[in-house]
Amino acid sequence: MKQAIVWCLLLIMLITGCQKTPSEEIVSKKNTDRMIEMASASNEQLQIDAAAGIRSCYGIPNRYEKTLKGVSGKLIVQANADIIVPSVAEMPVLSVEATNFSQEMVSNIFSEFCGDADMNLSKNVMTKHEYEARIIETKARLTMETKDTVKEILQSQIAEYALAMQNAPEEAELLPADGTLQVEDITNQNTGEVIGSRTLLRATGTSSEGRRLEFHVSNNVTYSGKSTYVIEHADGTRELMSPSSSSILRFQFNDALLLGPNTGEGDLVMDATEMSLTDEMPKKSILSITPNQARMIAEEFLKAAKITEQSIENVQLYSSWNQSFTDGNESVERQMYVVRCLRNVNGVSVASTGDEMYTDSEFSVQWNYESCLIFIDDTGLVGFQWKSPLKIKKAVVASAKMLPWSDIQNIFESMIVIQASPAAKSRPDGETLTFVLDRVELSLQRIIEQNSYTTGLLVPVWNFYGRYRYDKIDGTSNYTAEIPFWPQLSVNAIDGSVINMLQGY
């Protein structure tokens with residue numbers, strides 16, 4: 001599934017590739033200072049109508065319905081979408097930074113997941129038996145290999161394993177884990193120089209029910225001096241090592257393979273968010289618990305672990321088929337609820353694509369968008385994954401002045417036609433390309449500050465969600481896959497600039 005998402009992103013990039021734009025104002029490089037100045041401008045209408053809420057202040061309707069045509073009728077834009085706005089009177093601009101999981105937070109979550117388990121720190125040394133198993137496995141690969149270059153690499157690995165096995169212990173010492181973070185040095189793999197450090201925890205254990213489990217925390221590396229360097233591998237390949245903002249906290253039972261878009265496993269059966277507010281059971285579900293029960297399990301965990309900054313946004317049902325050799329070689333379906341949480345700031349959600357990241361082409365530094373997922377099956381909560389947490393530093397603008405909805409609508413209608421026109425022009429005569437818009441949402445979203453991969457702003461953003469449909473001459477249609485939580489167009493609500501989700505600004 002991960003590969004499918006990559007191909008969908010490539011398709012979107014082809015459809016929405018570099019095009020001339022209707023206004024230099026819309027697509028010019030974002031000027032943060034100017035945007036903050038615009039957000040801070042007086043807004044008498046907002047002050048007068050604040051009690052009526054954002055929808056009234058900015059003339060935002062409940063729905064957006066419109067059909068546009070372009071490229072001599074070969075391009076159609078169908079807008080039939082709910083417009084979702086937060087129930088607040090004002091939208092702020094906040095400064096944020098990438099942060100670590102505190103010891104207090106790690107201890108709270110560790111206690112919830114592993115409080116009754118016999119937990120030990122994961123081994124950082126291999127035993128003689130483990131090296132011996134590696135040697136046997138590598139020798140088996142060597143007998144089947146035909147390329148001389150690969151044979152040399154495998155022979156070198158066997159020699160390294162044999163040398164290390166001489167000084168390896170017979171048994172690895174198991175150290176008990178209580179949720180306390182450890183400190184690890186980061187070294188330049190070419191020179192051995194210490195270039196940074198991180199706090200982390202890698203623990204495994206067995207629950208009171210006899211289930212094996214893993215608990216992992218890795219916080220942002222704190223670098224000193226120049227940290228980007230290149231590793232020259234034995235096979236001639238080069239690997240760029242560079243800084244990244246990628247703190248992660250993860251837990252799972254070993255016997256529960258997690259499903260969902262951020263794990264790259266399984267397919268979406270349905271969005272069960274609405275059902276999670278009732279007692280209804282999805283017809284396609286093979287689970288015994290309802291979406292509402294899954295939601296309650298997630299809410300109880302968030303409360304018990306004192307994770308107050310995250311709120312449930314979606315409850316989705318995922319499915320995967322596994323080959324079963326004990327059941328007549330037939331595929332066996334398994335399902336799981338994936339509960340997606342978003343950071344909530346005074347009643348306003350912070351939009352996120354998941355684990356898509358900002359990447360600088362020159363240095364490959366990256367800053368993942370925040371992601372918080374809870375995985376639930378018939379046995380209960382079986383996994384948790386929280387990536388790239390944010391720290392809110394201060395309010396830059398307490399109540400931002402935004403563009404009226406009419407301006408945002410005009411920007412969308414201009415940009416979506418420009419983005420999709422090249423793909424529409426390439427269609428054979430008699431065929432059309434249709435963009436189907438099904439949801440528009442105003443929320444906060446992180447944009448990155450220039451020359452930084454750890455600091456940015458949360459700003460009000462309009463996200464437009466939907467997918468493309470190819471209508472063929474024979475009357476059949478093909479849809480592009482809709483990437484979960486990935487907007488087709490993201491517009492800054494303050495200055496109307498279009499945000500590049502891959503670059504983060």
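**Close-up views of a predicted model**

View 1. The model is a prediction in which local features need pLDDT of at least 70 and side-chain atom pairs count only at pLDDT 80 or more, while totals for chains, interfaces and linings use all residues. Residues are numbered from 1 along each chain as its sequence is written, and side-chain values use heavy atoms, with hydrogens and water left out. Strands β1 and β2 run antiparallel and are joined by eight bridges; two strands are taken to pair if DSSP finds at least two bridges between them, and the elements themselves are DSSP runs numbered from the N terminus (helices, H or I, at least four residues; strands, E, at least two). Four residues lie between the two strands of this hairpin, and Val71 in the turn has a positive phi of about 50 degrees.

**View 2. Two serines with positive phi.** Most residues other than glycine have a negative phi. Ser72, in the loop between β1 (63-70) and β2 (75-84), has a positive phi near 55 degrees, and Ser388, in the loop between β20 (380-387) and β21 (390-397), has a positive phi near 50 degrees. Ser72 counts as exposed because its relative accessibility is 83%, whereas Ser388, at 3%, counts as buried; buried means under 20% relative accessible area, exposed over 50% and partly exposed in between, with a 1.4 Å probe and protein chains only.

**View 3. Helix α7 and its two faces.** Helix α7 (residues 128-144) has 17 residues, which at 1.5 Å a residue should span 24 Å, and its end C-alpha atoms are 25 Å apart, in agreement with that value; the expected span is 1.5 Å times one less than the number of residues. Tyr131, Ile135, Thr138 and Leu142 are the buried residues shown in α7. These four cover an arc of only 75 degrees around the axis, so they lie on the same side of α7, the arc being that of the directions from the helix axis to the C-beta atoms. The face turned away from this buried side carries the exposed residues His129, Ile136, Thr143 and Met144. Among the elements that cover the buried residues of α7 is α8 (148-167), where contact means heavy atoms within 4.5 Å.

**View 4. Two buried cysteines.** Cys57 is buried, with a relative accessible area of 13%, and Cys114 also counts as buried, at 2% relative accessibility. With a disulfide defined as a pair of cysteine sulfur atoms within 2.5 Å, the count for the model comes to zero.
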